[in-house]
Amino acid sequence: MRLNAISIAVFSASFWLASTAASDTLEQAVERAVYTSPALLQAHSRVRSFEENVNVARADYYPTVFINGGIGEEQTDYLSGNNVDRRLETSELGVVVRQSLFSGLRTVNDVSRLSAEERAERYQLFAEAESTGMESIEVYLELLLAEKILEVALQNQAEHEEVRDAVQNKVSNQLAPTSDLAQVEGRLASARSSAIAAQNRIFELKARYLATIGEVPAELIDPSSAQLTLPVDLPSAIDVAANGHPQILSSKESIEAAQGEYRAAKGLHSPEVYLELSANRNDNNGGIEGLDENAAVMLRVEYQLFAGGGHSAQIRSSSHNVNAALNARRDAEIQVRQGVEISWYSSEYTSQQLDFLRENVRQSEEAERGYQSQYDVGRRDLLSLLIVKSETFAARRSYLEVYYQNLIAQYRVLYSMGTLLDSLTVEYPEEWEAEE
């Protein structure tokens, strides 16, 4: 019993020293993970980069203004065939304003493409946030499970110690053979080993918890599965996922981006029409003394007749990108549907297992009580008692494992539908919202 108390004290102290928060609900843990995840912060930066790419493309809607100027010394030897041999201090100043009027709708399609890419990246950010949320839930519940298993392991150890003390007393009074003591000591060593393994599992999960969520609280609050609202049936869950999963929405936007790229590539075969306004003020230019000023308004057309086949190749390349995006969407739909089905059946079957495992625990505990009573009056041997105690511990452990597997499976149903964070009422950071 003294060893048991020491192990509990060491474990509790080490847990407390590693903790930085008093307690955490599952929702608080998920929110902290989403708000502080370095991977999500990187993903958000990529979204902001795509937002700026849209602004770069929109700049083509506005005119460009060029200003040029210079001052220096100009040497003119001949002017219109006449030898002038003249050196003049010269200066030049000019301005050109150019406004694109038509470029094969390339700017329109580039803006459309980049806007779709930005939306696709934003949905991808939401999908990654869902993954982070699910990972947080798993480590949270696995840590809870490990704590529960440690409790039953320490209980099993304490019960074996009580049996050992009773047998040791009998052996001392020559009421039982020393082989009984050896037998119970062996079982006690196994029980202690199970408790140590349970403690080690907790320390492993604490490290994962710290890496995933950021803080290891002194207390975890066990969530109730009754709080979860799941669809009434599998087809309903599949329908929700097909229409709103971030991964599918991202793939749809990727198709729109690829189609915009294709339309922009086709515009390369069109002429570019732009309006140009220019004005110049030159002094002592071209070997002629005096001021020279001029201004012009021109409607210009540029058409590239040959580019080595590059434009046609770019059109073909972008058409392949459209096909790739279409297939990526099909793959996303398959993956999402598969995830929904797997998580749904896992939730269903682990729920059915719980009924049998709960009954197994009840019957094992009842059998253990009976064997203990019979052993106390000499109607059961020691081995039978030790075996039934081991079976009770295994039954309790199996029930706890499947209970938390079922809880994780229910959360995974929501995750596979793409509605996990919404179900937990965990809101995205404000800066994640699209700029108007």
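Visitor: Does Glu118 count as buried or exposed?
Guide: Glu118 counts as buried, because its relative accessibility is 9%, and the cut-offs are under 20% relative accessible area for buried, over 50% for exposed and in between for partly exposed, with a 1.4 Å probe and protein chains only. Please keep in mind that this is a predicted model, in which local features need pLDDT of at least 70 and side-chain atom pairs count only at pLDDT 80 or more, while totals for chains, interfaces and linings use all residues. Residues are numbered from 1 along each chain as its sequence is written, and side-chain values use heavy atoms, with hydrogens and water left out.

Visitor: OK, and which residue forms a salt bridge with Glu118 at 2.5 Å?
Guide: That is Arg122, with 2.5 Å between the closest N and O atoms; a salt bridge here is a side-chain nitrogen of Lys or Arg within 4 Å of a carboxyl oxygen of Asp or Glu. Side chains of opposite charge can pair when their charged atoms come close. Both Arg122 and Glu118 belong to helix H4, where they are 4 residues apart, about one turn of the helix. Helices (H or I, at least four residues) and strands (E, at least two) are DSSP runs, numbered from the N terminus. Arg122 is buried, because its relative accessible area is 7%.

Visitor: Which residues are in the network with those two, Glu118 and Arg122?
Guide: Arg48 and Glu51 are linked with Glu118 and Arg122 in a network of salt bridges.

Visitor: How many salt bridges does a search of the whole structure find?
Guide: The search finds 31 salt bridges. One of the pairs is Glu138 with Arg412, whose side chains meet at 2.1 Å, N to O. Because Glu138 sits in helix H4 and Arg412 in helix H9 (residues 382–417), this pair ties together parts that are 274 residues apart in sequence. Glu138 counts as buried at 18% relative accessibility, whereas Arg412 is partly exposed with a relative accessible area of 29%.

Visitor: And which residue does Glu142 meet in a salt bridge?
Guide: The side chain of Glu142 meets that of Arg208, at 2.8 Å, N to O.

Visitor: Speaking of H5, how far apart are its end C-alpha atoms?
Guide: They are 51 Å apart, which agrees with the span that the 35 residues of helix H5 (residues 178–212) should have at 1.5 Å a residue; the expected span is 1.5 Å times one less than the number of residues. The buried residues of H5 include Leu181, Val184, Leu188, Gln199, Lys206 and Tyr209. H5 is followed by Gly214, which has a positive phi near 110°.

Visitor: Which residue has a positive phi near 60°?
Guide: Leu105 does, and it is a residue other than glycine. Most residues other than glycine have a negative phi. Leu105 is in the loop between strand E2 (82–102) and helix H4 (106–172).

Visitor: Which residues form the negative patch?
Guide: The negative surface patch is formed by Glu31, Glu427, Glu430, Glu431 and Glu433. Asp and Glu count as negative and Lys and Arg as positive, while His and the chain ends are not counted, and the place of a charge is taken as NZ of Lys, CZ of Arg, CG of Asp or CD of Glu. Glu433 lies in the segment after helix H10 (420–423) and is partly exposed, with a relative accessible area of 47%. Glu430 is also in the segment after H10, and it counts as exposed at 73% relative accessibility.

Note on methods
Patches are made of residues with over 30% relative accessible area and no salt bridge: like charges are joined within 9 Å, nonpolar side chains (Val, Leu, Ile, Met, Phe, Trp, Tyr) within 5 Å. Accessible areas come from the Shrake-Rupley method with a 1.4 Å probe; for residues, only the protein chains shown count as cover.
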